[in-house]
Amino acid sequence: MVDKSIIGKTGKPFTMPIEWSKVREFARAVRDPNPVYFDPELAKKECGGIPVPVTFLQTSAFWQTAESAPPLDMFDPRRILHGEQEFEFFKPILVGDTLTGVARVADIYEKEGGRGGKMTFLAVETTYTNQRNENVARSRFVLVETGQAVGG
Amino acid sequence: MQAKLKFDTVKVGDAIPTITIDNVARPDFVRYAGASGDFVPLHYDQTFAEAAGIPTVFAQGMWTAGCLSRCLTDFAGAGQVRHFKVRFARQVWPGDTLTCRGTVTAKNEANGEKLVEGELEVVNQKGEATVKGAFRVAAA
């Protein structure tokens, strides 16, 4: 049985500085050659600063500690799948900003899988505010622990 | 921000720019692990993958999603994306070739912004969907 009591639990707020070297590295990793990530002058002209790639908030993993990260240790790492991911953006996020993120367990539930037995779903929402205390973004992911190996 | 998209000229049913990701390879997953901090070993550790009963390492879903999201910034401009949602349907393996594409499904205005919505997908060389998604971008 899953532990429903963790729904609503929040992690400790974590600080996430938005750094150019990380933005550039991330853009390269997802094969995105858009010059706004590589040319600060151009980025300033076109975007008011160097923007972040759409999925860049995934790098919050670097800034979270055991106290701020979602509770994943109950899952078997051999059987975890990323089911869904969602981002909403309310204000621009630019290099030089410092974000504060808070992760919250939005849901946990079980379902019978088609072929692999019981599956467990965990949904986590993270809200991000910037150094001006503006609400800039929200992310949500769903992780699935399958009943068998994920590539089978 | 880099507003590229003219609200008045976009039509429901329009295709957004397609991105082709040729020859997906293991170094893509290693580079993404380093860039993102996603060190789930199924994506780069062959020994771990085999022990888990999987033939070889496969892409982080968010690597594929990151490649897909470029369709939106090419379409609407960096900083113009308001919503991006993906669901992972199938693994992406080394050697795959991916096509990232999308279609406009709605236009509306909210909070003083002109918004364009649509659906997204990534298909592999066999035509199978690996990622399905939805988007909302701001237009000028």
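Which residue in S4(A) is the bridge partner of A:Thr100? The bridge partner of A:Thr100 in S4(A) is A:Thr129, where strands are DSSP runs (E, at least two residues) and helices are DSSP runs (H or I, at least four residues), numbered from the N terminus. This is a predicted model, in which local features need pLDDT of at least 70, side-chain atom pairs count only at pLDDT 80 or more, and totals for chains, interfaces and linings use all residues. Residues are numbered from 1 along each chain as its sequence is written, chains are lettered from A and ligands numbered from 1 in the order in which they are written, and side-chain values use heavy atoms, with hydrogens and water left out.

Strand S3 (98-112) of chain A pairs with S4 (118-129) of chain A in the antiparallel sense over 12 bridges, pairing being called when DSSP finds at least two bridges between two strands. S4(A) also pairs with S5 (135-145) of chain A, in the antiparallel sense over 10 bridges, and in S5(A) the bridge partner of A:Thr129 is A:Asn135. The hairpin of S4(A) and S5(A) has five residues between the strands, and A:Asn133 there takes a positive phi near 65 degrees.

Turning to the helices, the buried residues (under 20% relative accessible area, 1.4 Å probe, protein chains only) of H1 (26-36) of chain B include B:Phe29, B:Tyr32 and B:Ala35. Among the elements that cover the buried residues of H1(B) are H1 (20-29) of chain A and H3 (61-76) of chain B. B:Gly37, which follows H1(B), has a positive phi near 85 degrees.

Methods: Buried < 20%, exposed > 50% of the residue type's maximum accessible area, 1.4 Å probe, protein only. Contact = heavy atoms within 4.5 Å.
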